[in-house]
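Thank you all for making the time this morning. I would like to walk you through one structure, going contact by contact, and I will give the cut-offs for each term when it comes up.

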Amino acid sequence: MPYAILRFQKRKAGGVAACERHNERKKEAYKSNPDIDVGRSKDNYHLVKPPRYTYKKEINQMVKEAGCKVRKDSVMMVETLITASPEFMNSLPPEEQKAYFQTALDFISERVGKKNILSAVVHMDERTPHMHLCFVPLTPDNKLSAKSILGNQKSLSEWQTAYHERMSAQWSELERGQSSMETKRKHIPTWLYKLGGRLDKQYAEIVSALSDINAFNAGKKRDKALELLSAWLPDVEKFSKEIGKQQAYIDSLKERIGQESDYAGRMRDEKYEQERKVQKANQRIFELQRTNEQMERLLKKIPPELIEELQKSNRNRAKER
């Protein structure tokens with residue numbers, strides 16, 4: 001199911017120029033973002049033309065005219081990424097794509113003020129069409145305050161809801177993603193990460209023990225292997241069971257990363273830092289899944305009768321406790 005995507009990134013004075021160079025394609029090369037096909041950059045277009053000179057000069061002029069106070073760490077601009085799931089965006093004909101971005105532009109304009117929008121440019125030279133809309137966070141009472149406009153986590157959730165309602169009114173197939181605050185979804189438990197790491201370390205030792213599986217006979221070798229596997233098997237079962245419980249969450253993260261993969265280059269270009277941090281954290285979860293799959297393959301190599309013997313032994317020990 002396709003999702004309507006809306007992302008905000010606050011920009012202080014030092015980040016404005018780099019943002020402009022990317023959005024307005026003012027760089028000669030884009031080594032940090034191999035997804036950009038410069039041969040197709042001619043197909044990019046503006047729904048709001050950029051300032052005559054630079055973003056920074058325009059921002060300074062707007063702030064000066066508003067007469068608002070500015071600190072060194074003030075947010076001078078908010079960059080907004082507008083798109084939808086790749087399969088959805090790429091299925092729309094050009095005119096309908098443009099209508100999608102215009103609808104989103106109208107939605108943002110109503111909330112932040114059309115006069116505050118610096119530029120709205122649609123990029124057609126990357127894998128998924130998307131729009132970068134930049135605005136100066138000036139409030140109706142002439143204060144420079146991104147916080148007043150975007151609000152807190154709850155307000156951002158309301159932004160997402162309103163955005164989805166507007167976009168799905170015309171494209172009913174679009175879904176709205178749920179935030180962790182709304183779903184009250186718990187994080188992957190820390191003990192699961194630690195258990196996964198321990199199983200990874202034990203893997204080579206277990207493989208070595210199983211390499212002599214046909215030589216299991218009376219003696220120290222058999223006793224040592226059984227002792228090793230006896231301690232390993234309950235942990236694997238516990239790990240696999242918990243991964244199963246977390247599977248829906250893991251799948252949702254995979255889908256989210258798939259939606260945002262087209263913007264990895266922008267993340268490498270020090271843009272959308274929060275999304276990059278999320279991807280890094282999510283990678284740990286996928287490593288847990290990889291460990292689980294690795295353990296499942298290993299379990300298949302153990303003779304069923306041996307697993308049955310080990311499980312019976314563990315059950316008996318549990319009863320004795």
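This is a predicted model: local features need pLDDT of at least 70, side-chain atom pairs count only at pLDDT 80 or more; totals for chains, interfaces and linings use all residues.

**Charges over rings**

Let me begin with Arg111, whose charged end sits over the ring of Trp159 at 4.7 Å from its centre, where sitting over a ring means that NZ of Lys or CZ of Arg is within 6 Å of the ring centre and within 35 degrees of the ring normal. Lys98 makes a contact of this kind with Tyr45, its charged end lying over that ring and 5.5 Å from the centre.

Residues are numbered from 1 along each chain as its sequence is written, and side-chain values use heavy atoms, with hydrogens and water left out.

**The aromatic pairs**

Staying with Trp159, which other ring does it pair with? A search of the whole structure finds six aromatic pairs, a pair being two rings of Phe, Tyr or Trp (its six-membered ring) with centres within 6.5 Å, called stacked if the planes are under 30 degrees apart, edge-to-face if over 60, and tilted for the rest. One of them joins Phe107 to Trp159 in an edge-to-face arrangement, with 5.9 Å from centre to centre and 85° between the planes. This pair links distant parts of the chain, since Phe107 belongs to helix 4 (residues 94-112) and Trp159 to helix 6 (residues 153-168), 52 residues apart; helices here are DSSP runs of H or I with at least four residues, strands are runs of E with at least two, and both are numbered from the N terminus. Phe107 counts as buried at 4% relative accessibility, and Trp159 is buried too, with a relative accessible area of 4%; buried means under 20% relative accessible area, exposed over 50%, and partly exposed in between, with a 1.4 Å probe and protein chains only. Ring pairs also bring in Phe8 and Tyr163, which together with Phe107 and Trp159 make up a cluster.

Just after helix 4 comes Gly113, which takes a positive phi of about 95°.

In helix 1 (residues 13-23), the buried residues are Val16, Cys19, Glu20, His22 and Asn23. Seen down the axis of helix 1, these residues fall within an arc of 160°, so they line one face of the helix, the arc being that of the directions from the helix axis to the C-beta atoms. Helix 1 is followed by Arg25, whose phi is positive, near 55°.

**Salt bridges**

What does the side chain of Arg25 meet in a salt bridge? Taking a salt bridge as a side-chain nitrogen of Lys or Arg within 4 Å of a carboxyl oxygen of Asp or Glu, the whole structure contains seven. Arg25 meets Asp125 at 2.8 Å, N to O, and these two lie 100 residues apart, Asp125 in the loop between strand 4 (117-123) and strand 5 (130-135), Arg25 in the loop between helix 1 and strand 2 (45-48). Arg25 also meets Glu126, at 3.0 Å from N to O, so that shared partners join Arg25, Asp125 and Glu126 into one network. As for accessibility, Asp125 is buried at 0%, Glu126 counts as buried at 2%, and Arg25 is buried at 16%.

Elsewhere, Arg11 and Glu79 form a salt bridge of 3.0 Å, N to O. That pair links strand 1 (residues 4-12), which holds Arg11, to strand 3 (residues 75-84), which holds Glu79, across 68 residues. Arg11 is buried at 7% relative accessibility, and Glu79 is buried at 0%.

**The cysteines**

Finally, how many disulfides are there? With a disulfide taken as a pair of cysteine sulfur atoms within 2.5 Å, the search of the whole structure finds zero. For Cys19 the nearest cysteine sulfur is that of Cys134, 4.1 Å away. Cys19 is buried, with a relative accessible area of 0%, and Cys134 likewise counts as buried at 0%.
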